[in-house]
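Biologist: I am new to this structure and would like to learn how to read its features. Please show me the model, and then we can go through them in turn.

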Amino acid sequence: MELCFIENVITENTGGGTMVDFIILKDGRVIGVNEDYVVLYKSMEDFYEYNDSDTIKPHIALNEY
């Protein structure tokens, strides 16, 4: 089945036992999902280079509901 917007879905252990599912979109953007957040990144490189002092990424806090 071909999807319109999703290129790939992967799961990674990002350290400290934190697992993140990544939805890679066909335009290169990436949605990261863990037990607490859904976050939009410009790319996988953007995810790996991000640190807490950077601008806050568009996100949804799942633990607030």
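Biologist: How many aromatic pairs does the structure hold?

Modeller: A pair of aromatic rings is described by the distance of the centres and the angle of the planes. Rings of Phe, Tyr and Trp (its six-membered ring) pair if their centres lie within 6.5 Å; planes under 30 degrees apart are stacked, over 60 edge-to-face, and the rest tilted. The structure holds four such pairs. In one of them, the rings of tyrosine 41 and tyrosine 50 have centres 6.3 Å apart and planes at 70°, so this pair is edge-to-face. Phenylalanine 47 and tyrosine 48 have ring centres 5.2 Å apart and planes at 70°, so that pair is edge-to-face.

Biologist: Which residues do ring pairs link into a cluster?

Modeller: The cluster consists of Phe22, Tyr41, Phe47, Tyr48 and Tyr50.

Biologist: Before going on, what kind of model is this?

Modeller: This is a predicted model, where local features need pLDDT of at least 70 and side-chain atom pairs count only at pLDDT 80 or more, while totals for chains, interfaces and linings use all residues. Residues are numbered from 1 along each chain as its sequence is written, and side-chain values use heavy atoms, with hydrogens and water left out.

Biologist: Is tyrosine 41 buried or exposed?

Modeller: Buried means under 20% relative accessible area, exposed over 50%, and partly exposed in between (1.4 Å probe, protein chains only). Tyrosine 41 has 9% relative accessibility, so it counts as buried. Tyrosine 50, at 24%, counts as partly exposed. Phenylalanine 47 is buried at 16%, whereas tyrosine 48 is partly exposed at 49%.

Biologist: Where is the place of aspartate 46, and what does this residue touch?

Modeller: Aspartate 46 is in helix α1, residues 44-49. Helices (H or I, at least four residues) and strands (E, at least two) are DSSP runs, numbered from the N terminus. Aspartate 46 counts as buried, with 16% relative accessibility. A contact means heavy atoms within 4.5 Å. Not counting residues up to four places away in sequence, aspartate 46 touches Tyr41 and Lys57.

Biologist: What pattern does the protein chain follow along the sequence?

Modeller: The order is β-β-β-β-α-β, with one helix and five strands in the protein chain. Buried residues make up 22% of its 65 residues. Among contacts between residues at least 6 apart in sequence, 15% join residues at least 24 apart.

Biologist: How do I read a pocket, and what volume has the largest pocket?

Modeller: Rolling a probe the size of a water molecule over the atoms shows where empty space is left. On a 1 Å grid over the protein atoms alone, a pocket is an open set of points where a 1.4 Å probe fits, with protein on both sides within 12 Å along at least five of seven lines; lining residues have an atom within 4 Å of a point. Grid points are joined across faces, edges and corners, and the volume is the space filled by probe spheres set on the points. The largest pocket has a volume of about 410 Å³.

Biologist: Which residues lie nearest the centre of the largest pocket?

Modeller: Its lining has 15 residues, with Asn34, Tyr37, Val39, Tyr41 and Tyr50 nearest the centre. The elements giving two or more residues to this lining are β3 (30-33) and β4 (37-41). With three residues, β4 gives the most.
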